[in-house]
Amino acid sequence: PIIFECKYSTRVSYITMGRFKIMAYTYEYNPLTAVLVYPGLEVKETDVDSEDGATRRLDYITKKKDGLLNFEYNNHVLYMMIIDPLVKDEENLSRINRLLGKYV
């Protein structure tokens with residue numbers, strides 16, 4: 001299975017929690033992969049702690065990689081994927097296809 005954790009929030013602390021959830025899912029459920037789907041972070045928000053800072057850096061890299069970032073944890077490849085309902089469907093579908101193309 002592929003697990004999708006969807007967080008339609010731009011708050012860094014909420015996305016940090018989602019990042020830890022997909023990491024925990026790999027341990028609990030041993031999926032093929034786990035994906036954190038979120039609309040991207042707001043830039044004006046202040047980080048609460050170093051974990052939020054790490055999430056903000058990952059978000060920056062995700063944006064530089066056209067909205068799809070992979071990283072390894074617990075012998076699994078995990079993803080952060082920006083899906084913003086306010087952008088054109090083609091852009092979001094392109095990211096989804098890039099991700100799923102690796103597993104189909």
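Reader: Two strands pair if DSSP finds at least two bridges between them; in strand 4, which residue is the bridge partner of Ala34?

Author: The partner of Ala34 is Leu78. The model is a predicted one, in which local features need pLDDT of at least 70 and side-chain atom pairs count only at pLDDT 80 or more, while totals for chains, interfaces and linings use all residues. Residues are numbered from 1 along each chain as its sequence is written, and side-chain values use heavy atoms, with hydrogens and water left out.

Reader: In which sense do strand 2 and strand 4 pair, and over how many bridges?

Author: Strand 2 and strand 4 pair in the parallel sense, over 5 bridges. Strands here are DSSP runs of E with at least two residues, helices are runs of H or I with at least four, and both are numbered from the N terminus.

Reader: And in which sense do strand 3 and strand 4 pair?

Author: That pairing is antiparallel and has 6 bridges. Leu69 has Met80 of strand 4 as its bridge partner, and Phe71 stands opposite Leu78 in strand 4. The hairpin made by strand 3 and strand 4 has 2 residues between the strands, and Asn74 there takes a positive phi near 55°.

Reader: What is the order of the strands in the sheet?

Author: The 4 strands form an open sheet with mixed pairing, in the order 1-2-4-3. Strand 1 and strand 3 are the edge strands; each has a single partner strand, so one side of each lacks a neighbour in the sheet. From one strand to the next, the twist averages 20°.

Reader: How many residues of strand 4 are buried?

Author: Of its 7 residues, 6 are buried, so strand 4 is largely enclosed by the rest of the structure. Buried means under 20% relative accessible area, exposed over 50%, and partly exposed in between, with a 1.4 Å probe and protein chains only.

Reader: Let us turn to the helices. Which strands does helix 1 lie across?

Author: Helix 1, residues 12–29, lies across strand 1, strand 2, strand 3 and strand 4, and runs at about 165° to strand 2. Helix 3 also lies across strand 1, strand 2, strand 3 and strand 4, at about 175° to strand 4. Such angles run from 0 to 180 degrees between N-to-C directions, with axes fitted to C-alpha atoms, for helices over the stretch in contact.

Reader: How far apart are the end C-alpha atoms of helix 3?

Author: They are 16 Å apart, which agrees with the 16 Å that the 12 residues of helix 3 (residues 89–100) should span at 1.5 Å a residue. The expected span is 1.5 Å times one less than the number of residues.

Reader: Which residues of helix 3 are buried?

Author: Asn92, Arg95 and Leu99 are the buried residues of helix 3. Viewed down the helix axis, the buried residues fall within an arc of 60°, so they line one face of helix 3; the arc is taken from the directions between the axis and the C-beta atoms. The face turned away from that buried side carries the exposed residues Asp89, Glu90 and Asn97.

Reader: What covers the buried residues of helix 3?

Author: The cover includes strand 1 (2–6), strand 2 (33–38), strand 3 (68–73) and strand 4 (76–82).

Reader: That leaves helix 2. What do its buried residues pack against?

Author: The buried residues of helix 2 pack against helix 1, strand 2, strand 3 and strand 4. Among them are Asp52, Gly53, Ala54, Leu58 and Thr62. Helix 2 (residues 50–64) has 15 residues and reaches 21 Å from its first C-alpha to its last, close to the expected 21 Å.

Terms used: Contact = heavy atoms within 4.5 Å. Pairing = 2+ DSSP bridges.
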